[in-house]
Amino acid sequence: MSDPQKGPAAPPVVDPERVDPHEAAAAPRRRFDASAFVPTVVDSVLAVVLALVVGAVLIVFSTERVLGSLPYFFSYPWDFFRFAGEAVGDGYAALVNGSLGGADALTRTLNRAAPLICAGLGVSLAFRAGLFNIGAQGQMLVAGLAAGYVGFTWDLPTGLHALVALLAALVAGALWGGVIGLLKARTGAHEVITTIMLNNVARFVVLYFLGLEAFQRPNSDNKLSPPVDDSATFPAIGNLHLGIVLAVLAALVVWWLLERSTLGFEMRAVGANPDAARTAGMSVPRVYVTAMTLAGVLAGLAVTMTVLGQQNSVTDQVAGTVGFDAITVALLGRATPVGTVLAGLLFGALSAGGLSMQGAAGIAPELSQVLQALIVLFVAAPALVRGIFRIKGRGQGSSVEAKGWGG
Amino acid sequence: MSVVDAPARSEAPEEQVRDRADVRRQVRLVVVFALAAAMVLLFRLTTDSFSVTYLLEAQRSADSQPRSLDGSLVNWVALVLALAGVVLAALNRVPRGGLGLLLYVLVGLSFYVAFMAWAFADQGEGFQASISNPIPGTISIATPLVLGALAGVVCERAGVINIAIEGQFLAGAFSASLFASIALSSLAFIPLWLCAPFGLLGGALAGMLVSAILGLFALRYQVNQVVLGVVIVAFATGLTGFLLGQIPSESTGRLNNPDPLEPLAVPVLSDIPVIGQALFEQTILVYLTYAAVVVVALLLFQTRWGLRVRAVGEHPKAADTVGIKVNRLRWQAVLFGGLLAGLGGAYYTVGSSGAFDKEMSAGTGFIALAAVIMGRWHPVWAALAAVFFGFMRNLGTQLSLVDRIPGDLIGALPYLATVIVVAGFVGRVRPPAADGEPFVKA
């Protein structure tokens, strides 16, 4: 993972000239400094290897054939090792094949990565402004409803229809996210509470609308919308739709916003130390509202990948677990745009590969979730990984990165 | 709402210049009481027939037949009380302290009854649903939430952010089911009545195991604790789902089929009318929950250990300077929190329904986390926040019996109510100063 933050023109997180020295001194305690945050490539690779090793142990002890060879392990251990090796080999071969082997697999990986990247960017952006956004799920649900409604009821020419549906999703996501920022800015309500609660509210709002005649599939009583019209779908090559391109574009925009714009500078300043930012004349409430609105926009973009990209019908499950996985993606990506894209691709691959692991090797799909968690865990704890592999670190031992509740 | 919105602050007795916070409090009270009055009036205007029935128990049974309630009278009482509140607030004569609390409780309670009378009125022909006692339902939803919230409070008071409550719930639920099932089917030396409590032991151990992961990475390897919590939830969700999938269907009966805990009636207390049976004919886990609230509050605020825990959560360096072993204390707090959350998770299996199911805690760990923040990191307030949530959730269940409000909107009620309470009454909260900061001894 290369470091996007060390560009020569990267502004300092807090402008020393405009900030009271006491505030500046307090800043490092809370800062979310990306440059100290990026692990070396070695650490990341070793973390993945370590996660795969733990995963292998789980595979070994969940394969019946292997367990069956345990009773006679001491008389004929070769069976155990052979079966174990085969089980692990088959499982991971299926994982790689299902995610990277061939055009179909790659398409699946990219299609799964695209929403993760977008939603992850939303979480990252809010993170940089010092907000812990657990609300991607709710923002996605509401946005999916909006995109779906425009997609399957309005009648517009191809292309324009998709664009309008996309805009509807972005606006709905922005509103749902913006409310969080507004509540935080106006009343101080903690965003962790409000996002969790609004996630659930969003689910019931979606269920309510899907219960209305206008949102339901004709001749169906299920809470399931029709798929969007063909004129509202994203252009696609084979099965690979526009989503991944949009995701990369979004990452570029977020990068520009955070690293090159005044607004982004203010966001990072507020994220680093709201008191210092306020002293420097920035409007902290405005930053909170903007950051959460933009996070909502990105979450809205994420859900268009499934609703408009794959023409999935809108249900209360339309966001899947993307909203929560996005948090992990953002954290693995160290809340930087480039990191989020890479982490999103990795998670997309693991999720696509997890499916074929189940199909080809009969391994439960939850294993890929366990692998994802382990990878993030080990990436976040370089000291542990180095200790296990007996690598002499660069003397830093452990990286002290902390962030409290903020606010 | 009345319990939560009572502000327990003391303003300086200045006559001339009024604090802005004081003015804001008055405005808020006027608005709240006026809203309550307006809604009660609306209930009156939209009701045709006020005949409503109610039950003092949770369910209809042979010896608890519905009795009739005079909805009109209830509505008048609520209206008068709410208007009295408006007048008092407008004159800035709302008493502080106990008397004020009494006013809030009265208005809140009468509003609740008036609301229920409205919701259950005009049911038309056929089966008449009755208003039932909300306490049993509230307790059953709130029990795991309270335990989870206490776990969060203990950890975070010591300066370790615990987002992993959901993970501890899942691990606790799974392990409790496993332990209780194994005890039931294969450990002949355990008496039958001890099998389910044995499950509680399993739940507590699993919660502590998850806490140990939290502690290891947060304290030993100084991983960002927000990242860590999210990851542990994902890990526990995946692992419990994976392990559940590994239980072959023929041995489900042996490994995932616990007997739920039996309710035990507390001798005298369970005979109290209305609340007795609801509160004191519960499983041992519920009694443990009651005890846990008291114990955690006492531990944190009355013992030396608690003082030290709070010290390392606020200012670890200072605590270290006077010779307190910061990380050892944090380890103790994290493990104790894991024990509580693991018990909370056990509620989902041995405490209520029985067998473990994938992701069965369904996000309640995050609700518990919200309760921690809503309760301002105080065990009693956090527990009350959890109970409030349980109450609203139970209210939603009750309202789904009648069709005054569309069912899906009722589902959103507890969550919306929490947002309103947090935005309107709790406001800005201040976490323990060193929450989430690893301590490295210089």
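## Report on a predicted two-chain model

A:Leu160 is partly exposed, with a relative accessible area of 42% (buried means under 20%, exposed over 50% and partly exposed in between, with a 1.4 Å probe and protein chains only). This residue belongs to helix H7 of chain A, residues 160-187 (helices are DSSP runs of H or I with at least four residues, strands are runs of E with at least two, and both are numbered from the N terminus). The C-alpha atom of A:Leu160 is separated by 8.2 Å from that of A:Ser231, although the two residues are 71 residues apart along the chain.

The model is predicted: local features need pLDDT of at least 70 and side-chain atom pairs count only at pLDDT 80 or more, whereas totals for chains, interfaces and linings use all residues. Residues are numbered from 1 along each chain as its sequence is written, chains are lettered from A and ligands numbered from 1 in the order in which they are written, and side-chain values use heavy atoms, with hydrogens and water left out.

**Chain A as a whole**

Chain A contains 16 helices and two strands. Of its 407 residues, 58% are buried. Among the contacts in chain A with a separation of 6 or more, 76% are between residues 24 or more positions apart (contact means heavy atoms within 4.5 Å). The accessible surface of chain A is about 16,100 Å², and carbon and sulfur atoms hold 64% of it (areas follow the Shrake-Rupley method with a 1.4 Å probe; for residues, only the protein chains shown count as cover).

**A nonpolar patch on the surface**

Nine named side chains make up this feature: A:Val45, A:Val49, A:Val53, A:Val57, A:Phe61, A:Leu67, A:Leu70, A:Ile388 and A:Phe389 form a nonpolar surface patch with about 700 Å² of accessible area together. Helix H2 (41-60) and helix H16 (382-389) of chain A each supply at least two of the patch residues. The largest share, four residues, comes from H2(A). A:Val49 has its place in helix H2 of chain A and is partly exposed, at a relative accessible area of 34%.

**Aromatic pairs**

Which values describe a pair of aromatic rings? The distance of the centres and the angle of the planes describe it. Rings of Phe, Tyr and Trp (its six-membered ring) pair if their centres lie within 6.5 Å; planes under 30 degrees apart count as stacked, over 60 as edge-to-face and the rest as tilted. By this rule there are 24 aromatic pairs over all chains. In one of them, the rings of A:Phe324 and B:Phe366 have centres 6.3 Å apart and planes at 20°, so the pair is stacked. This pair joins two chains, because A:Phe324 lies in helix H13 of chain A (residues 322-332) and B:Phe366 in helix H14 of chain B (residues 364-374).

A further pair, B:Phe43 with B:Phe111, is tilted, at 5.9 Å centre to centre and 40° between the planes. B:Phe43 is in helix H1 of chain B (residues 20-45) and B:Phe111 in helix H3 of chain B (residues 98-120), so the pair ties together parts that are 68 residues apart in sequence. The table gives the accessibility of these residues.

| Residue | Relative accessibility | Class |
|---|---|---|
| A:Phe324 | 34% | partly exposed |
| B:Phe366 | 14% | buried |
| B:Phe43 | 3% | buried |
| B:Phe111 | 22% | partly exposed |

In chain A, one aromatic cluster is formed by A:Tyr149, A:Phe152, A:Tyr208, A:Phe209 and A:Phe215.

**Charges over rings**

The charged end of A:Arg203 sits over the ring of A:Phe204, 4.7 Å from the ring centre (a charge sits over a ring if NZ of Lys or CZ of Arg is within 6 Å of the ring centre and within 35 degrees of the ring normal). In chain B, the charged end of B:Arg44 sits over the ring of B:Trp76, 4.3 Å from its centre.

**Positive phi values and a buried serine**

A:Arg334 has a phi near 55°, a positive value in a residue other than glycine. This arginine lies in the loop between H13 and helix H14 (337-361) of chain A. A:Arg334 counts as buried because its relative accessibility is 5%. B:Glu359 also has a positive phi, near 50°. B:Glu359 is found in the loop between helix H13 (326-353) and H14 of chain B, and at 40% relative accessibility it counts as partly exposed.

Is B:Ser181 buried or exposed? B:Ser181 counts as buried, at 1% relative accessibility. Its place is in helix H5 of chain B, residues 165-185. Leaving aside residues up to four places away in sequence, B:Ser181 touches B:Arg254, B:Leu255, B:Asn256, B:Asn257 and B:Pro258.

Conventions
Patch = residues over 30% accessible without salt bridge, like charges linked within 9 Å, V, L, I, M, F, W, Y side chains within 5 Å. Salt bridge = Lys/Arg side-chain N within 4 Å of Asp/Glu carboxyl O.
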